[in-house]
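Hello,

Here is the structure I promised to pass on to you. Have a look at it first, and then read my notes below.

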Amino acid sequence: VHDDEEEATMSPRPFWPPLLAGIMLGLVLLLTFLLTGHGLGASGFFTRATAAAGGWLAPSATEASAYLGPYLRGNPLDSWISWEIVGVAIGALAGSMVSGRFRLALERGAAIGANERQIYALIGGVLVGFGARLVRGCTSGVGLSGGATLAVAAFVFLIAFFAAGFLVTFAARRVWR
Amino acid sequence: MTFPLYDNGMIAGLLVGILFGFVLEGAGFGSPRKLTAQFALRDWAVFKVMFTAVIVAALGLWLAQASGLIGAKAVFVPTLFFWAIALGGALIGAGFAVGGYCPGTSTVGLFSGRGDAAVFIVGMLLGTALFAALFGSLERLYQAAEGPKGQTLMDLTGLPSWAILAVLLIMAVGGFALGNWCERRFGGPVTADEVIADLTVHEGGPGDRDHVSEPAQPNDRQVIAS
């Protein structure tokens, strides 16, 4: 019991200053370009995961899908981005553990309850999953990595992303108050 | 040795993934409250970290090209499909504001122990399946207004790389100054202590009564709302 209390009251270490975190992230991104010829990503893994889950739950429909079908014919662990996401999981777990920031909990604004938080998380996830397929990437792949190559596509993405984020937050500010 | 190595194997993926996850977690990007506070103008870490990283990596790529370490068209540059990227980017911004994460940060949230990140990931899989189901009718939108392949800001404007980088640097300095001002005005930035303390309050564990401090500075949050 004593140990549990120790853990619950262990104070977390502060987040890194944004300038330091930004420089580190930029160096990791540069290393990625030099090693692989492309930048970091994330949503590509979730497309493969959707195809894998579809192949398991609804094999014939997934096989027939013009979009997901081709992903079924490859081994998802063959792809670079799947290993990258496994790495992200390991890095985040290590980072949150050593800094005392790991907690098994729901994180939400003070004005909403746990059930409401989960409904918003689900809706947000659906919007992001759908949007990332339209973009052919996400905040990491197109926004960050595309931005580093000074691609026009990245800046169109970032403007749309921030504009919608501000607008929706203004309309639904209760969610995170 | 010539760069890039074009190494897309397991070790390269794991290595950069671990570093990516560790840095995102350190920045506080496993916390949906910190991430979404950007849109309430109370915490500018998303802007500051992303903009700094873009400039550092762009500067590094420029130097690598100028010194001959890598070739002129050696790295992947995404191509603009205007409507798909503008609409999809807006959907990701909206989903981020409501759900609290994007794909990369939801992975960081999940592996910092956040259950809401797991729900968000299930939503992403459903959203991807929905896109696949509607793909036939979306295909025209998906391909509309295609730009030149791998077009950069230099191609678009005719300006040299150093001029584009200089403009971005000026925008970053201005953004940092504006961000610092907003953070002071709206009671930010969101700290690790605040995030973790509020988690304990919300979850209602045995230690609950020790943390009756309640959401810090309700007045400051009201200011953002109004």
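Between chain B and chain A there are 27 residue pairs in polar contact, counting pairs with both residues at pLDDT 80 or more. Please keep in mind that this is a predicted model. The two chains also share 3 salt bridges. In one salt bridge, B:Arg114 pairs with A:Glu107, and their closest N and O atoms are 2.7 Å apart.

Which helix gives the most to the side of chain B that touches chain A? That is helix H6 of chain B (residues 115-143), with 22 residues. Sorted by type, the residues on this side of chain B are 85 nonpolar, 34 polar and 10 charged.

Now for the contact as a whole. Chain B brings 129 residues to it and chain A brings 112. Together the chains bury about 10800 Å², with 78% of that on carbon and sulfur atoms. Of the area that chain B buries against chain A, 7% comes from B:Phe20, B:Phe39 and B:Val98, more than from any other three residues.

Helix H8 of chain A (residues 139-148) packs against helix H3 of chain B (residues 45-66) at an angle of about 50 degrees, and their axes are 7 Å apart. H8(A) and H3(B) are therefore oblique to each other. On the H8(A) side you will find A:Thr139, A:Gly143, A:Leu144, A:Gly147 and A:Ala148, which meet residues of H3(B) including B:Met50, B:Val54 and B:Leu61. The residues of this helix contact comprise 8 nonpolar, 3 polar and no charged.

Enjoy exploring!

Key: Residues are numbered from 1 along each chain as its sequence is written. Chains are lettered from A and ligands numbered from 1 in the order in which they are written. This is a predicted model: local features need pLDDT of at least 70, side-chain atom pairs count only at pLDDT 80 or more; totals for chains, interfaces and linings use all residues. Side-chain values use heavy atoms; hydrogens and water are left out. Axes are lines fitted to C-alpha atoms, for helices over the stretch in contact, and angles run from 0 to 180 degrees between N-to-C directions. Helices (H or I, at least four residues) and strands (E, at least two) are DSSP runs, numbered from the N terminus. Angles under 35 degrees count as roughly parallel, over 145 as roughly antiparallel, 65 to 115 as roughly perpendicular and the rest as oblique. Contact means heavy atoms within 4.5 Å. Ala, Val, Leu, Ile, Met, Phe, Trp, Tyr, Cys and Pro count as nonpolar, Asp, Glu, Lys and Arg as charged, and the others, Gly among them, as polar. Buried area is the accessible area (1.4 Å probe) that two parts lose on being put together, summed over both. A salt bridge is a side-chain nitrogen of Lys or Arg within 4 Å of a carboxyl oxygen of Asp or Glu. A polar contact is a pair of N or O atoms within 3.5 Å; within protein, one must be able to donate a hydrogen and the other to accept it, and residues adjacent in sequence count only if both atoms are side-chain atoms.
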